[in-house]
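The entries below follow the order in which I looked things up.

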Protein chains: 2
Amino acid sequence: MDGRNRYNPGMRAHVYVTLKTTVLDAQGQTIANALRRLHHPQVESVRQGKYFVLTLADSLTGDAAKAEVERIANEVLTNPVIEEYTYRLEE
Amino acid sequence: MDGRNRYNPGMRAHVYVTLKTTVLDAQGQTIANALRRLHHPQVESVRQGKYFVLTLADSLTGDAAKAEVERIANEVLTNPVIEEYTYRLEE
């Protein structure tokens, strides 16, 4: 096992889940209002989402990793009726 | 006002808040366990965090935008006892 694997096993997938832009984000609006009250008037709007970091098994790389992360994001992490996701793989 | 400003006013700040690595992430562990049950054994661990997209006023750019986003992330979006954040500015 080389240094990379010892200290940094497997890829990491960063998944960002947000409400679709057509869905009212009450939580984000509440934060935006709070920021105005707290003297941060230069923030025009806030959207809140969820952020997941998945550590993948060493054996999962390349296109297989992509496919697996997309399956997980679609089926488990996102409610496709109101949410959408983006992701980024980190070697 | 040029096209860019008309359709894309102000910068966007993407702020990612996660529990410090020394803090137990029960929610992330629950998701990791669920993924194993749901036949995704190649995910070794999951950390869950929060994701915020702030739309900034047109007038806020460059270093001033950075400073403002760091202040907001430190003072409002993050609990510095147990959480840490990273951010990314999008022009």
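Entry 1: pairing within chain B. I count two strands as paired if DSSP finds at least two bridges between them. The model I am reading is predicted. I then looked up how far strand 2 of chain B is covered. Ten of its 14 residues are buried, so strand 2 of chain B is largely enclosed by the rest of the structure.

Entry 2: H14(B). I located H14(B) in strand 1 of chain B, which covers residues 12-19. Is H14(B) buried or exposed? Its relative accessibility is 5%, and the cut-off for a buried residue is under 20%, so H14(B) counts as buried. I next asked which residues H14(B) touches, leaving aside those up to four places away in sequence. The list holds Y51(B), F52(B) and V53(B), together with T86(B), Y87(B), R88(B) and E90(B). With Y51(B), the side chain of H14(B) also makes a polar contact of 2.9 Å.

Entry 3: pairing within chain A. I turned to strand 1 of chain A and found seven of its eight residues buried, so the strand is recorded as mostly covered. Strand 1 of chain A pairs with strand 2 of chain A in the antiparallel sense, over seven bridges. Within that pairing, K50(A) in strand 2 is the bridge partner of V17(A). Strand 1 of chain A also runs antiparallel to strand 3 of chain A (residues 83-90), and eight bridges join these two. Here I noted Y16(A), whose bridge partner in strand 3 is T86(A).

Entry 4: pairing between the chains. I followed strand 2 of chain A across to chain B. It pairs with strand 2 of chain B (residues 43-56) in the antiparallel sense, over 13 bridges. I checked two positions along this pairing. T55(A) has S45(B) as its bridge partner, and F52(A) stands opposite Q48(B).

Entry 5: extent of the interface. I found 32 residues of chain A in contact with 32 residues of chain B. The two chains bury about 2,700 Å² between them, and 61% of that lies on carbon and sulfur atoms. Which three residues supply more of the area that chain A buries against chain B than any other three? They are H40(A), Q42(A) and Y51(A), which supply 23% of it.

Entry 6: contacts and make-up of the interface. I looked for salt bridges between chain A and chain B, and the rule finds zero. Polar contacts are present across this interface: the rule finds twelve residue pairs, with both residues at pLDDT 80 or more. I then listed the elements of chain A that give two or more residues to the side touching chain B: strand 1 (12-19), helix 2 (26-37), strand 2 (43-56) and helix 3 (62-77). The largest share of that side, 14 residues, comes from strand 2 of chain A. By class, I recorded 17 nonpolar, eight polar and seven charged residues on the side of chain A that touches chain B.

Technical notes: Residues are numbered from 1 along each chain as its sequence is written. Chains are lettered from A and ligands numbered from 1 in the order in which they are written. This is a predicted model: local features need pLDDT of at least 70, side-chain atom pairs count only at pLDDT 80 or more; totals for chains, interfaces and linings use all residues. Side-chain values use heavy atoms; hydrogens and water are left out. Helices (H or I, at least four residues) and strands (E, at least two) are DSSP runs, numbered from the N terminus. Buried means under 20% relative accessible area, exposed over 50%, partly exposed in between (1.4 Å probe, protein chains only). A polar contact is a pair of N or O atoms within 3.5 Å; within protein, one must be able to donate a hydrogen and the other to accept it, and residues adjacent in sequence count only if both atoms are side-chain atoms. Contact means heavy atoms within 4.5 Å. Buried area is the accessible area (1.4 Å probe) that two parts lose on being put together, summed over both. A salt bridge is a side-chain nitrogen of Lys or Arg within 4 Å of a carboxyl oxygen of Asp or Glu. Ala, Val, Leu, Ile, Met, Phe, Trp, Tyr, Cys and Pro count as nonpolar, Asp, Glu, Lys and Arg as charged, and the others, Gly among them, as polar.
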